[in-house]
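Here is a short briefing to read with the model open beside you. Take a look at the fold, then work through the points below.

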Amino acid sequence: MHPAPSIILFTVLSGFGFGLISIIGLLQFLNQISTVDIVIFSVIGLFFSIIGLISSFFHLANKKNAIKSMSQWQTSWLSREAISSIFCLSIVVGNIGWVFVQNRYFNEVGIILFLLSLFTIFTTSMIYAQLKTVPSWNNMLTPALFTFTALAGGSILLLDYASLVLLLIFAVLQVLFWYIADQSFIYKETSVGTALGFSKNEDIRAFDVAHTNRNYLLNEMVYKVARKHAIKIRYISFFAAFVLPMLLILMFPSNFSVSVFVIGIHFVGIYFSRWLFFAEAKHSVSFYYN
């Protein structure tokens, strides 16, 4: 599918923001974080979450339709994401205000923030995981990958060595996801014939392209990336998102300036990983335009 920069930034930045908020909430619940750190890092998480959500608006053809994203919460994961985002960020703002003024916090608010931010990340992932027409997304690895991407990124600033465990889990999930993506259409009963309405056993080939000009389906659902380029990008992503951050954390633990640098390197890896997430996703409709 078309890897629109606005959607990539949305999933990367908001994922990091809500991941950081979830880590703060967990530490607040466990009483393992100071009031100063809650205020500082909650503001950082709030900033990235809001910037990520704003960037998603630029993918809309009609920006006015954004207000409608909350109207279908019974059936739409997008609506659930919008609603849970507002609830979560509202609680974050209230928590920041209370801690800043009273110089103390409620542990119970921490667990609410932890669970609600994780649910928000989950709703984002389910927007893609629910699509049966994109086999590489339509599995439980997608929400697991989104969740641990957010937790791993958010943990780098606060958890030191514990973040290594989350980064390692994230790395394993990412490799598994790439493997599943490569195998996604091998066992699918989809071909040019079935896309045109014929039996899967019939050898059907398209005589000519479906359209002489570009259209919405081609622009949004059919995107090709050269295999050799995809492999190179995977190596870059893996090194920047996992290998280099883990090495730096081991070499310079509890160093905030190094952690900020690690976040920057990690973002580069996550950006390429998320670009591949969209660029390598093969929609079933692409067979019609084969």
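What share of the contacts in the chain with a separation of 6 or more is accounted for by residues 24 or more positions apart? Such residues account for 80% of those contacts, where contact means heavy atoms within 4.5 Å. Please keep in mind that this is a predicted model, in which local features need pLDDT of at least 70 and side-chain atom pairs count only at pLDDT 80 or more, while totals for chains, interfaces and linings use all residues. Residues are numbered from 1 along each chain as its sequence is written, and side-chain values use heavy atoms, with hydrogens and water left out.

**Fold and confidence**
- The chain has 10 helices and zero strands, taken as DSSP runs numbered from the N terminus (helices: H or I, at least four residues; strands: E, at least two).
- Along the sequence, the pattern therefore reads α-α-α-α-α-α-α-α-α-α.
- The average pLDDT (the predictor's confidence in each residue, from 0 to 100) is 84 for the chain, and 79% of the residues score at least 70.

**Surface and burial**
- Of the chain's 290 residues, 49% count as buried, which is to say under 20% relative accessible area, with exposed meaning over 50% and partly exposed in between (1.4 Å probe, protein chains only).
- The accessible surface of the chain is about 15,000 Å², and carbon and sulfur atoms hold 68% of that area; the method is Shrake-Rupley with a 1.4 Å probe, and for residues only the protein chains shown count as cover.

**A nonpolar patch**
- F47, I50, I51, I54, F57 and F58 make a nonpolar surface patch of about 580 Å².
- Patch residues have over 30% relative accessible area and no salt bridge, with nonpolar side chains (Val, Leu, Ile, Met, Phe, Trp, Tyr) joined within 5 Å and like charges within 9 Å; a salt bridge is a side-chain nitrogen of Lys or Arg within 4 Å of a carboxyl oxygen of Asp or Glu.
- One of the patch members, F47, sits in helix α2 (residues 35–57).

- F122 lies in helix α4 (residues 107–129) and counts as partly exposed because its relative accessibility is 27%.
- Not counting residues up to four places away in sequence, F122 touches W77 and P143.
- T149 belongs to helix α5 (residues 141–155) and counts as buried because its relative accessibility is 9%.
- With residues up to four places away in sequence left out, T149 touches F170, H266, I270 and R274.
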